[in-house]
Amino acid sequence: MQRWFFLKETKKLPQKISKKMSTKQITQEKEIESQEWVFTVSVPEIAPREKVYLTGSTTELGEWDYKKAVPLENVENTDMWTKTVIIPNTCDVYYRYAICLVNIDTNDIIVRRWETHIHPRVIKETMLHPHTDIFGNNEGIYKVNKGWLTFQTLVQFKFMHNPLKLKSRLTGRLMNIKVTPVKLSFGAEPQIEESSLSTDTMEAEVPCGVFVEVATLENDPMVCHLQPQEQFGREYKPNDVLLVNLFAPNPKGLAYLIDFYSYSTRASVEDPPCHVGYTYVLPNMFKPSEGSLELPVTCNVKHRPLGTINFEYLIISPMEDGLCNLEVSYTKHWDPSWTGLEVGHRGLGASFKTKEGNAIRENTIASLKKAAASGADMLEFDVQLSKDMIPVIYHDFHVCISMKRKKEVDFTEMLELPVKDLTLEHLQKLKVYHLVEGRNHEILFFDEDLEEHQPFPTLEEALKSLDEHVGFNIELKWTMELNDGTFELNNPFDMNTYVDKVLEVVLKHAGQRRIVLSCFNPDICTMVRYKQNKYPVMFLTVGVTEKYQPYRDPRCLSIPAAVQNAISSDILGIVVHTEDLLRDPTQVKLATDAGLVIFCWGDENNDKNTIKKLKEMGLHAVIYDKLDQYTTKEVKESIFLVEARDSQRDIMRLAALDALPTDSTSSRSRSPSRQLSSAQFSGDGQLYLDLKARQKATRSTVTSLESLASSIDIRDEPERNLKRNKDLIMSIDKESQIKEQRNSFKGIFPAPNTTTASPKKSRKSDLS
């Protein structure tokens with residue numbers, strides 16, 4: 001394998017030792033490979049038990065592992081935090097700050113907030129002296145995200161559908177609802193979060209690591225954002241959706257006190273509300289992941305029943321340790337240039353909706369590859385679990401198997417079975433039919449001999465076999481309750497297990513691919529958001545429609561409700577139904593004004609004029625069938641491939657200029673070119689020269705570019721020579737470049753590999 005021409009090691013010329021310089025001095029100069037560096041950061045807002053931590057690319061900084069992060073020390077009576085750390089002088093050092101909390105009992109770390117700039121802070125070769133950072137602000141850009149579940153559990157209470165049913169004298173009165181975690185400690189008074197007006201509780205210290213946040217889904221975005229729970233909870237109005245999130249290291253050791261307050265009509269503005277009643281939720285009442293409870297409400301004074309409270313709950317447990325770190329996060333990242341992206345629906349399109357269908361079966365490797373070759377920026381497909389818990393790509397919850405009777409040649413009956421009840425081997429080796437084929441007794445595809453055309457490819461297979469420059473929109477299929485109380489699929493897997501299995505494959509095998517995770521179930525979206533900190537989540541919604549039966553969950557019934565849910569769940573955006581969007585196009589602005597990314601899906605998208613209109617409306621991406629026919633692209637390439645190729649050209653140009661001699665004349669001639677504007681490197685193509693990644697790269701387009709560049713005499717008049725050879729470089733066969741480039745960017749884009757970097761000669765020489 002040929003080497004990158006700009007990575008060839010410079011031959012070290014024999015060093016002439018001055019007679020005045022002793023050998024001992026030279027030895028001392030070579031030994032200066034590290035130094036002390038004072039990290040200082042200003043953190044204006046921090047809770048009493050929270051501390052500031054430092055993480056980074058070197059061993060001393062923990063190599064992005066949140067467990068090995070370095071705690072900083074607070075400068076008394078200031079908002080400054082500081083720490084002196086030994087850092088190497090032989091490489092650039094990348095770092096971030098995080099605000100964490102340590103569990104006193106177990107020493108486990110909870111990441112509360114952390115800096116999430118795509119490119120972390122860096123101590124460059126030109127930086128000789130430390131400076132003071134401002135938490136969250138890096139080069140004038142503020143980016144801080146909430147943490148994820150490192151070891152703690154999230155218990156979410158969902159109060160919807162007017163859950164309180166009280167006696168007639170209390171009917172119509174607005175109630176405040178407050179949920180207080182109570183530590184179960186037998187033989188001692190229970191510890192609660194803060195003062196409650198219940199006579200059976202007392203004010204005590206909050207259990208370490210327990211936090212309570214609330215959000216109400218309504219038109220006011222500020223109320224939609226999760227906020228710390230107030231002393232008397234949050235008011236519940238008719239038809240509200242009230243979400244209460246409790247983060248706890250040990251949820252099985254906690255009970256939950258739900259208090260109800262109401263303001264008297266005769267009370268003044270300053271008077272507190274009256275404590276009406278309460279109920280308790282014990283940990284043994286919960287199912288593993290989700291469920292609902294109906295509990296009695298007891299009068300606070302007479303301790304008699306006042307009515308009932310009915311609510312749903314969601315329990316989110318942390319994932320397997322070691323899959324997430326603090327190196328990079330795309331959870332809230334969307335480049336402004338990514339607008340009007342073209343997304344292939346189920347690959348090249350749904351193949352069973354109409355008789356015309358597609359020539360290639362949907363959700364197969366062949367369909368995905370064909371859409372990618374047709375210029376798709378992203379590929380949308382559906383993922384669910386087989387019986388042996390392998391994530392497979394398939395849309396419908398059920399399949400058909402032919403029931404051949406004895407002594408009969410042709411099958412006469414089809415048996416419908418859930419995908420979840422068949423192992424991967426069964427799904428891939430048995431003759432299974434789509435529901436449309438089974439119900440109509442009509443076989444639509446005769447492709448048994450074509451491996452890539454077979455249904456049920458695994459998610460891992462898709463991640464490994466598709467070009468890494470094509471993004472994936474992975475829809476997690478999960479059953480939903482319809483408005484008539486029925487479910488799309490009965491008795492599914494445990495929700496935590498299901499999400500863990502899918503995320504495990506994605507986190508281990510996605511590499512540098514752009515990934516967006518989505519689901520129609522808002523609870524799945526919440527789970528995916530809090531279980532990992534790397535990939536963005538988008539909430540799929542049907543909205544107002546005449547085509548599909550509505551879901552029961554009010555968060556799914558309209559685009560405004562979807563916007564509110566996305567804000568409260570702290571996710572990237574929403575994927576809306578085009579039918580609802582075309583009914584009221586102003587809803588696009590509703591989403592974008594809230595800072596959300598918005599995709600759209602639907603049969604209406606399968607039209608060139610509609611696709612054009614949706615792009616003009618400001619949609620970030622359009623999901624549609626038959627991308628090979630309806631695409632509006634002149635050059636059929638993914639936007640991420642184009643960005644990667646442009647970044648590679650910048651790398652080669654910079655490297656060629658770096659190879660120029662260091663005499664004063666050449667230095668003057670190349671200086672303006674070397675000082676590339678920050679705008680060229682502000683996106684995901686920022687130049688992080690990862691030596692290890694490049695050494696692993698297979699023979700690629702770089703090889704051909706290398707041979708061209710090597711023919712350019714860059715030592716004499718570099719600018720004129722580069723211009724003279726521009727046409728020669730651009731004349732390389734385009735298709736061969738694309739095919740060869742697919743493996744050349746791995747490990748280089750889009751995120752920086754901050755483990756290794758370029759030497760910082762200036763700082764080292766300054767010390768010596």
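Two strands count as paired here if DSSP finds at least two bridges between them. With that in hand, here are some close-ups of this predicted model.

**View 1. An open sheet of three strands, in the order E29-E28-E30.** The pairing in this sheet is antiparallel. Strands E29 (413–418) and E30 (432–433) stand at the edges with a single partner strand each, so one side of each has no neighbour in the sheet. Strand E28 (residues 398–403) runs antiparallel to E29, and six bridges join the two. If you want a spot to start from, look for Met 403, which stands opposite Glu 413 in E29.

**View 2. Trp 338 pairs with Trp 334 and with Phe 640.** The model has 22 aromatic pairs in total. One of them joins Trp 334 and Trp 338 edge-to-face, with 5.2 Å from centre to centre and 85° between the planes. Both Trp 334 and Trp 338 are buried. Trp 338 also forms an edge-to-face pair with Phe 640, at 5.3 Å centre to centre and with 85° between the planes. Trp 338 lies in the loop between strand E24 (305–316) and strand E25 (341–345), while Phe 640 belongs to helix H14 (residues 639–658), so this pair ties together parts that are 302 residues apart in sequence. Like Trp 338, Phe 640 is buried.

**View 3. An aromatic cluster that includes Phe 286.**

**View 4. Charged side chains over aromatic rings, at Phe 397 and Tyr 530.** The charged end of Lys 477 sits over the ring of Phe 397, 5.1 Å from its centre. At the other site, Arg 529 lies over the face of Tyr 530, at 5.1 Å from the ring centre.

**View 5. Ile 474 in the largest nonpolar core.** In soluble globular proteins, nonpolar side chains tend to be buried together. Here the largest nonpolar core holds 114 residues, and Ile 474 and Ile 574 touch the most other members. Helix H7 (residues 495–509) gives the largest share of this core, eight residues. Which residues is Ile 474 in contact with, leaving aside its neighbours within four places in sequence? They are Phe 381, Val 383, Leu 459, Val 506, Ile 515, Val 516, Leu 517 and Ser 518.

Terms used: Residues are numbered from 1 along each chain as its sequence is written. This is a predicted model: local features need pLDDT of at least 70, side-chain atom pairs count only at pLDDT 80 or more; totals for chains, interfaces and linings use all residues. Side-chain values use heavy atoms; hydrogens and water are left out. Helices (H or I, at least four residues) and strands (E, at least two) are DSSP runs, numbered from the N terminus. Rings of Phe, Tyr and Trp (its six-membered ring) pair if their centres lie within 6.5 Å; planes under 30 degrees apart count as stacked, over 60 as edge-to-face and the rest as tilted. Buried means under 20% relative accessible area, exposed over 50%, partly exposed in between (1.4 Å probe, protein chains only). A charge sits over a ring if NZ of Lys or CZ of Arg is within 6 Å of the ring centre and within 35 degrees of the ring normal. A nonpolar core is a set of buried Ala, Val, Leu, Ile, Met, Phe, Trp, Tyr and Cys residues joined through side-chain atoms within 4.5 Å. Contact means heavy atoms within 4.5 Å.
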